[in-house]
Amino acid sequence: MDRADAAHWIARYEHAWRMPGTDELGRLFTPEATYSTSPYAAPIRGLDAIAEMWEAGRRGPDEHFTMTSALVAVDGDVAVARVEVHYLYDGGREWRDLWVMQFDEDGVCCAFEEWPFAPDRDDGH
């Protein structure tokens, strides 16, 4: 995994979030991947569970938002990125996250950990 690969994976993640359904998730996450929605949350395990969480956590593919990201570090199979999302409804909700991603040898994410923060909360929830 290098910086270009990690940046490309993040772009594909955003693209998948904007698409209907969850078919794209199989290209992003391994079948047994874990996904933690915060550093202390129990990880969601497996592609089916991630897909269920994904659909429950978004308004759908027509959700209006902007997303920017900047890689902080890439070391071997782990990448860390700073991600900022601005939703263009509900008063312009904003999130600043750190994403910690671990990839397998094919560049598919096997572990994803999100550290979300919103301006009105210091614990990210």
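Start by colouring the protein chain by confidence. Strand β1, residues 29-36, has the highest mean pLDDT, at 97. Strand β4, residues 78-87, has the lowest, at a mean of 92. Keep in mind that this is a predicted model. Over the protein chain the mean pLDDT is 89, and 90% of the residues reach 70 or more.

**Stop 1: strand β1**

Select serine 36, which lies in β1. Is it buried or exposed? Serine 36 has a relative accessible area of 11%, so it falls under the 20% cut-off and counts as buried. Now show what surrounds it. Setting aside residues up to four places away in sequence, serine 36 touches Ala41, Pro43, Phe112, Glu113 and Glu114.

**Stop 2**

In soluble globular proteins, nonpolar side chains tend to be buried together.

Centre on tyrosine 13. Its contacts are Leu28, Phe29, Tyr35, Trp54, Trp99 and Phe112, leaving out residues up to four places away in sequence.

**Stop 3**

Switch to a cartoon view. Strands β4 and β5 run antiparallel, joined by 9 bridges. Pick valine 85, then find its bridge partner in β5, tryptophan 95.

Move on to β5 and β6. This pair is also antiparallel, with 8 bridges between the strands. Select phenylalanine 103; opposite it, in β6, stands cysteine 109.

How many residues lie between β5 and β6 in their hairpin? There are 5. Click on glycine 107 in the turn: its phi is positive, at about 80°.

**Stop 3: strand β3**

Finish at alanine 73, in strand β3. Its relative accessibility is 34%, so alanine 73 counts as partly exposed. Display its contacts: Arg3, Val78, Ala79 and Val80, again not counting residues up to four places away in sequence.

Last, draw a distance from alanine 73 to leucine 88. The two are 15 residues apart in sequence. C-alpha to C-alpha, they are 29 Å apart in space.

Terms used:
Residues numbered from 1 in each chain as written. Heavy atoms only, no water. pLDDT = per-residue confidence, 0-100. Helix = DSSP H or I, 4+ residues; strand = E, 2+ residues; numbered from the N terminus. Buried < 20%, exposed > 50% of the residue type's maximum accessible area, 1.4 Å probe, protein only. Contact = heavy atoms within 4.5 Å. Pairing = 2+ DSSP bridges.
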